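I opened a new model today and kept notes as I went. The entries below follow the order in which I looked things up.

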Amino acid sequence: MGKSKRELTGAEIIWESLVREGVEVIFGYPGGAILPAYDALNKYRKKIHHVLVRHEQGAAHMADGYARASGKVGVAIATSGPGATNLITGLATAMMDSSPIVCITGQVGSTAIGSDAFQETDITGATLPVTKHSYLVMDVDDLAESIREAFYIARTGRPGPVLIDIPKDVQTAKTVFEYPTAPIDLPGYHPPECATDEQVAAALELINTAERPVILAGQGVLQSHAMGPLRELAEQGQIPVTPTLLGIGSLPASHPLNLGMMGMHGTGAANHAIQAADLLIACGMRFDDRVTGKLQTYSPNSKKIHIDIDASELNKNIRVEVAIHANLSTVLKQFNGGVKPRNHNDWMATIKTWQDDADEREVLNMKTPTLLGAQAVRAIWEGTQGKALIVTDVGQHQMLEAQYYLHDEPYTLITSGGAGTMGFALPAAIGAAFHETDREIWVIVGDGGIQMNIQELATAVQEQSNIKIAIINNGYLGMVRQWQQMFYDARYVETPISSPDYLLIAQAYGMPGYRVDRLEDIPATMQKAQSHEGPVLVEFMVEQHDVVYPMVPAGADLHAMIRRPLKQFEMDT
Amino acid sequence: MKQVLVVLVEDKPGVLNRVASLFRRRNFNIESLVVGPCEIPHASRLTIVTGEEEYLRRNIIRQNLLKLINVIDVQDVTDLPCVIREHALIKIKVDGTRRGEVMDLVDMYRARIVDVGIETLIVEVTGEASKIESIIELLEPFGILELNRAGKVAMVRGNGSAPGNKLLPDRENGSLPQASPKSI
């Protein structure tokens with residue numbers, strides 16, 4: 001072994017490897033078993049910025065938010081035992097939404113593993129169902145390659161979280177460091193690329209003969225950068241598009257072919273169109289129960305084309321005629337030469353009648369005695385010219401955001417979809433702010449969710465994250481309250497929730513805070529918030545008893561939507 | 001016809017845990033699972049019998065296995081001509097007076113006696129599940145003290161290729177990268 005080659009400790013190898021993977025920021029919390037890595041961090045501070053979180057769950061969500069904003073791999077680091085288990089909700093969130101993150105955890109010394117040592121948890125075992133892959137590195141010679149593989153696995157194929165558990169003695173052991181450069185050799189891992197000619201021909205036959213086609217645009221559109229080919233397909237064939245929650249931004253909201261979001265709180269037009277369609281073209285989405293309603297009655301008369309990078313999603317929930325296991329962007333480009341120009345005038349006219357019906361029920365056209373969440377979200381849209389990056393939590397405000405903040409640009413909405421993780425928004429926005437340094441960032445969060453990771457306000461102030469935090473306060477766990485109102489005879493069991501005085505909270509953490517309860521005061525309040533660099537808190541006091549319409553009850557037919565009553569409020573003329 | 005899968009995996013500690021965890025998490029049923037080394041260095045071959053009969057569901061199970069990073073290939077051999085064998089050790093209570101009867105039965109089934117005690121015999125039998133069940137039934141009257149059955153192992157007849165080999169064309173001797181003996 002040549003003397004010219006450098007011997008490094010495992011701890012140093014961690015940072016050297018992260019630098020080579022292009023990591024610029026890492027979110028973490030130190031502790032006993034990860035101390036050697038933190039000690040070595042001191043030498044790498046110029047290359048990697050470490051963000052000290054206030055709870056490890058925040059670190060995982062920050063890495064997730066950073067990953068979703070940047071398209072790069074987000075990285076979190078924590079110690080063994082409770083530090084590692086606190087990451088689990090963040091890993092599960094990233095797993096459900098296919099977000100590429102790598103979490104590094106310290107582990108007790110390799111000889112102590114299995115002895116129930118202080119702060120020992122079998123974290124690779126505990127996280128098995130919520131990670132794409134994981135490593136327990138028992139030999140310092142395997143460390144660099146494991147980190148390299150982890151990044152590769154996290155970002156390729158269907159992205160997802162990867163965990164690397166590193167015992168303390170592996171961090172202190174020394175070895176010659178050479179970052180491998182050979183192509184990664186994983187005999188069981190081959191992300192797919194294109195569709196076969198037969199698949200393309202079968203799909204085109206359906207597309208070119210359909211009378212009532214609908215494109216379902218999932219997060220796969222954004223993750224495979226297929227916005228251009230998707231738009232070309234839609235425009236060439238005059239095919240209306242409806243996004244999933246995570247697919248929002250795949251086609252501009254203002255595009256005439258965009259019907260708005262599908263599913264439980266989707267638009268009437270989108271859901272009716274799906275049910276009446278004779279062809280669904282499902283692009284990078286997975287027919288989650290929140291978008292299908294009752295599977296047996298879902299889009300009963302349509303043929304279906306399903307394109308996904310994950311073969312296990314094909315024919316999982318919905319049986320399809322053409323299942324294509326491939327990269328979506330590549331497939332749409334394969335389609336696009338063969339799509340015949342169509343107009344579908346009758347179909348679009350039918351869809352228009354559903355859209356007109358929704359206009360009659362549109363609460364924004366009504367005069368309401370109190371401020372509604374929908375109005376608050378629309379006001380935030382106006383106050384940001386629709387150009388902000390919005391990071392939402394989970395609940396009524398999240399669905400209102402999807403309905404009333406019209407995203408014309410891709411990658412401008414970050415939200416916990418599959419897992420529905422309350423407490424996600426604030427840390428995810430802090431993470432996203434490390435990438436989106438020029439774009440205005442607004443957190444939209446409920447009074448329940450903000451209290452679930454409120455400790456990260458300290459991180460936001462410490463990092464001077466340029467985020468505006470809109471707390472939509474209705475004094476309830478609103479979405480659960482809505483279900484209680486509709487399906488549990490209005491027994492509001494444990495859903496009224498008190499809040500601290502958020503203006504005092506803002507003051508205590510050292511950030512400006514504002515409160516607004518009238519629609520006409522929102523623009524001025526927002527301007528005040530926008531004039532500050534750094535974190536600002538704005539509390540919107542909204543109607544306590546409003547519900548999100550339309551709503552498809554869980555397990556009901558997708559077209560069986562509960563609509564807002566026609567004369568709930570006086571029309572504002 | 002119950003689903004039979006032949007699965008080639010990297011021989012790394014924890015792989016069996018990943019496979020078992022997948023079946024539990026996805027609510028798939030494992031009827032039997034057998035694992036052992038195979039002709040490819042640093043790889044193991046599993047035979048898994050699931051309770052699933054419906055084709056599309058079977059494919060979902062196969063695709064989920066393929067998603068595991070350490071799983072190299074999965075062959076669904078349910079509908080292929082296969083040799084499928086089980087193995088059992090059966091300890092029965094029998095003294096010298098009735099030993100001859102047992103030996104006749106063992107001969108008929110082409111089984112073997114692999115241990116003789118003063119009051120016990122261990123019978124080893126290999127074959128299809130129906131054969132194993134049949135000999136168990138016939139040995140029952142003697143008094144079965146202990147029964148230990150292994151799950152099914154399967155192999156496609158004739159030229160049906162073993163899974164994985166075609167995926168490893170460029171590798172010398174079809175070998176996989178060696179796992180560090182210490183890595184888990």
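**Entry 1: ground rules.** I took domain bounds from an automatic or database domain assignment. This is a predicted model, so I noted its limits: local features need pLDDT of at least 70, side-chain atom pairs count only at pLDDT 80 or more, and totals for chains, interfaces and linings use all residues. Residues are numbered from 1 along each chain as its sequence is written, while chains are lettered from A and ligands numbered from 1 in the order in which they are written.

**Entry 2: chain B and its domains.** I looked up the assignment for chain B. It gives domain 1 (4-81 + 157-174) and domain 2 (84-153). The C-alpha centres of these two domains of chain B lie 30 Å apart. I then listed contacts, which pair residues whose C-beta atoms, placed from the backbone, lie within 7 Å. In chain B, 6 residues of domain 1 are in contact with 5 residues of domain 2. Strand E2 (30-37) and strand E3 (43-50) of chain B each supply at least two residues of the domain 1 side. I sorted the side by class: 4 nonpolar, 2 polar and no charged residues. The classes are Ala, Val, Leu, Ile, Met, Phe, Trp, Tyr, Cys and Pro as nonpolar, Asp, Glu, Lys and Arg as charged, and the others, Gly among them, as polar.

**Entry 3: chain B as a whole.** I counted 4 helices and 8 strands in chain B. From the N terminus on, its elements run β-α-β-β-α-β-β-α-β-β-α-β. Of the 184 residues in chain B, 28% are buried. Buried means that 20 or more other C-beta atoms, placed from the backbone, lie within 10 Å of the residue's own. I also checked contacts in chain B between residues at least 6 apart in sequence: 75% join residues at least 24 apart.

**Entry 4: where the chains meet.** Which element of chain B gives the most to the side that touches chain A? First I took the totals: 24 residues of chain B are in contact with 19 residues of chain A. Helix H1 (15-25), helix H2 (55-67) and strand E4 (71-76) of chain B each supply at least two residues of the chain B side. H2(B) gives the most, with 7 residues. By class, that side of chain B has 11 nonpolar, 8 polar and 5 charged residues.

**Entry 5: chain A as a whole.** Chain A has 22 helices and 21 strands. Its radius of gyration, taken over C-alpha atoms, is 25 Å, close to the 25 Å that the globule rule (2.2 Å times the number of residues to the power 0.38) gives for 573 residues, so chain A is as compact as a globular protein of that length. The C-alpha trace of chain A spans about 80 × 65 × 40 Å along its principal axes. Buried residues make up 55% of the 573 residues in chain A. Among contacts in chain A between residues at least 6 apart in sequence, 77% join residues at least 24 apart.

**Entry 6: domains of chain A.** The assignment gives domain 1 (7-176), domain 2 (197-354) and domain 3 (362-552) of chain A. In chain A, 37 Å separate the C-alpha centres of domain 1 and domain 2. There, 5 residues of domain 1 are in contact with 5 residues of domain 2. The domain 1 side divides into 1 nonpolar, 2 polar and 2 charged residues.

**Entry 7: strand E18 of chain A.** Is this strand covered on one face or on both? I found 7 of the 7 residues of E18(A) (residues 467-473) buried. Both faces are covered: A:Ile467, A:Ile469, A:Ile471 and A:Asn473 are buried on one side, and A:Lys468, A:Ala470 and A:Ile472 on the other. In a regular strand the side chains alternate between the two faces of the sheet. Next came the neighbours, where strands pair if DSSP finds at least two bridges between them. Strand E17 (residues 441-446) of chain A runs parallel to E18(A), joined by 6 bridges. A:Val445 stands opposite A:Ile471. Strand E20 (residues 536-541) of chain A is also parallel to E18(A), again with 6 bridges. There A:Lys468 has A:Val536 as its bridge partner.

Methods: Contact = placed C-beta atoms within 7 Å. Buried ≥ 20, exposed ≤ 12 C-beta atoms within 10 Å, placed from the backbone.
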